[in-house]
Amino acid sequence: MKKPIILIVTVLMALALASSAASARDQHGNCIVLDPAHGGRDEGVKVAMGRYEKDLTLKLALLIKADVERARGVKVVLTRSDDRDVSLAQRIAVGKAGSADFVLSLHVNAGFGKKATGYEMYFPGFSASGDGKGGAGAIVNDMVHTKALNESVRFAKILQRHLDRVLPRKDRDLREGPIRLREAATPVLLLEIGFASNGDDRKNLLDADVVKEMAAAIAAGIREFFSDPISRDLSRDKRANQD
């Protein structure tokens, strides 16, 4: 009998997250979903003794949310607000609720040797867009997808400018990569904020003051992105298509 109970709990959690995001859109006009990667039994990369990627991404997400919501106009919804297991399906459900105007997934990097350092961002890439075949519907879907990708690139450039003030000369640029946490109509970025395998980056990730500065820079980027008329038009178009 355990499997049906687990399934019911999973469905209820997904519905609660989706409802939260939908309410956010109705009350604030713009909604960004922040996804603190990993959580619960999924610890992510080890940063230090007793500190893991899941801890740092959650701390960063909570700081960003608090900073962004000091001003009106943008609501932040988290895919998790504590240390719990959250499935990919549950995370995607938040964006698919029809409220997310952007999805930003937060990660900590590792590997590529101890010299690899800095932050980098990933977006699905224009090669992930459809080929325009299959009639008018497919062409329209491809146009919507392309518009979302353009917004992902624009947001990345804004974040790079703000993060450069906190992490100068640490920008590893925007890269194409497979991002499972997405839907075609919603812009999405995956941000790797630093390398746990690099001594200097690890020191920054464990420094509460530096993490606060990172969060403030990302929050400033979010506010700037949504203050632009292009973003407001994109959000308005999405809501019109959903009605």
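In the predicted model, helix α2 contacts helix α6 through K59, L60, L63, I64, D67 and V68. The partners in α6 are A208, V211, K212, M214, A215, A216, I218, A219, I222 and R223. By class, the residues of this contact comprise 12 nonpolar and 4 charged, with no polar ones.

Two packed helices are described by the angle between their axes and the distance between the axes. For α2 (residues 53-68) and α6 (residues 208-227), the axes come within 8 Å. The crossing angle is roughly 50°. Angles of 65 to 115 degrees count as roughly perpendicular and those under 35 as roughly parallel. The two helices are therefore oblique to each other. The crossing of α2 past α6 is right-handed.

The sheet is open and holds 6 strands. Their order is β4-β1-β5-β8-β6-β7, and the pairing is mixed. On average, neighbouring strands are turned by 20° against each other, direction ignored.

Strands of a sheet pair through backbone hydrogen bonds, either parallel or antiparallel. Strands β1 (residues 30-36) and β5 (residues 102-109) run parallel and are joined by 5 bridges. I32 stands opposite F102 of β5.

Both helices also meet the sheet. Helix α2 lies across β1, β4, β5 and β8 (188-195). Its direction is at about 140° to β5. Helix α6 packs on the sheet and touches β1, β4, β5 and β8. The direction of α6 makes about 150° with that of β1.

How values were computed. Residues numbered from 1 in each chain as written. Predicted model: local features only at pLDDT ≥ 70, side-chain atom pairs only at ≥ 80, totals over all residues. Heavy atoms only, no water. Axes fitted to C-alpha atoms, helices over the stretch in contact; angles between N-to-C directions. Helix = DSSP H or I, 4+ residues; strand = E, 2+ residues; numbered from the N terminus. Parallel < 35°, antiparallel > 145°, perpendicular 65-115°, else oblique. Left-handed = near helix turned anticlockwise from the far one by under 90°. Contact = heavy atoms within 4.5 Å. Nonpolar A, V, L, I, M, F, W, Y, C, P; charged D, E, K, R; others polar. Pairing = 2+ DSSP bridges.
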